[in-house]
Amino acid sequence: MEILGVYNIKGGVGKTTTAVNLAYRSAAEGWRTLLWDLDPQAASTYILRRRAKIKARVKELMRGDASTSDLIKETDYPNLDLLPSDFSYRHFDERFGEKRNPAKQLLKLMIPLHRTHACLVLDCAPGISVIAENILHAADALIVPLAPSPLSVRTLRQLVDFLDERQWHDLALLPFFSMIDRRRNLHKETAEQLRAEFPFILRTEVPYNAAFEQVAVRRAPVEVFAPRSPAAEIYRSLWREIDERLENVYKPQLLEQAT
């Protein structure tokens with residue numbers, strides 16, 4: 001199972017919109033996909049029109065008395081399932097922090113999912129926390145939406161330093177520009193500065209566009225309500241580039257293991 005975390009230390013950069021649309025694209029490509037909404041605000045759960053009446057189950061999950069498989073809900077889209085969030089997810093940090101090896105607890109909860117799904121997309125809450133460390137430890141790749149602002153420069157540097165400090169060099173870091181408006185000088189200058197400093201930033205850019213705001217209004221992925229729009233093609237392009245980048249990362253490793 002390929003695990004993709006959609007994450008940024010900073011909030012308000014389009015993480016949930018990205019997670020929902022990439023999960024939908026993965027499912028449309030024929031992969032059995034699970035979107036796990038790990039943000040207590042439950043925005044992905046809301047967009048995919050599922051209500052998470054699972055408080056007791058979440059408590060059981062954190063105690064180890066229930067399996068993640070028990071909480072999965074089907075969505076309205078083929079091959080796409082949802083593990084919905086609940087406001088009680090805010091207690092994950094506390095519960096994980098009480099365990100031995102707290103940064104590996106989420107990975108343990110994912111074990112049953114390997115038998116049922118080919119791709120797991122994690123919609124992550126912002127900030128650096130115990131649950132964030134779990135996500136960084138578990139993910140194969142980290143998809144990082146970047147708003148083109150001075151704060152994005154700072155938070156990307158913080159994230160890179162954090163990963164270097166823990167020597168998590170096997171995690172593919174895949175930032176891309178989100179909500180960018182190249183008519184604005186600040187956006188253009190910030191994008192150029194970051195691309196020069198971090199050449200691994202993806203080529204695909206998600207512009208500031210009303211269609212992306214409609215994801216929360218219409219409660220559906222862009223490809224569902226506007227399949228022929230430029231916005232839909234942008235997410236298809238983003239998915240292709242992520243897939244291509246991961247192939248380049250993992251194929252050399254597989255060849256090395258084979259020899």
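Q: How much space lies in the largest pocket of this predicted model?
A: The model is predicted, and the values here are computed from it. Several elements give two or more residues to the lining of the largest pocket, namely α1 (15-28), α2 (43-47), β7 (172-180), β8 and α9 (210-218). The space in this largest pocket comes to about 420 Å³.

Q: Which residues that line the largest pocket are the closest to its centre?
A: The lining of the largest pocket is made up of 23 residues. Among the elements that give two or more residues to this lining is helix α1 (15-28). The lining residues closest to the centre are Val13, Gly14, Lys15, Thr16 and Thr17.

Q: Which strands stand at the edges of the sheet, each with a single partner strand?
A: The sheet is open and is formed by 8 strands with mixed pairing, in the order β3-β4-β2-β5-β1-β6-β7-β8. A strand with a single partner has one side left without a neighbour in the sheet, and this applies to β3 (73-74) and β8 (205-207).

Q: Which residue in β4 is the bridge partner of Trp36?
A: Strand β2 (residues 33-37) and strand β4 (residues 80-83) run parallel and are joined by 4 bridges. Within this pairing, the partner of Trp36 in β4 is Leu83.

Q: With which residues is Met110 in contact, leaving aside its neighbours within four places in sequence?
A: Leaving aside neighbours within four places in sequence, the contacts of Met110 are Met1, Ile3, Trp36, Leu120, Leu122 and Ala138.

Q: How many disulfides does a search of the whole structure find?
A: Cys119 is in no disulfide, and the cysteine sulfur nearest to its own, that of Cys124, is 13 Å away. Seen from Cys124, the closest cysteine sulfur is that of Cys119, and the 13 Å between them is too far for a bond. Over the whole structure, the number of disulfides found is 0.

Technical notes. Residues numbered from 1 in each chain as written. Predicted model: local features only at pLDDT ≥ 70, side-chain atom pairs only at ≥ 80, totals over all residues. Heavy atoms only, no water. Contact = heavy atoms within 4.5 Å. Pairing = 2+ DSSP bridges. Disulfide = S-S within 2.5 Å. 1 Å grid on protein atoms, 1.4 Å probe; cavity = no way out; pocket = protein on both sides within 12 Å on 5 of 7 lines; lining within 4 Å. Points joined across faces, edges and corners; volume = space filled by probe spheres on them.
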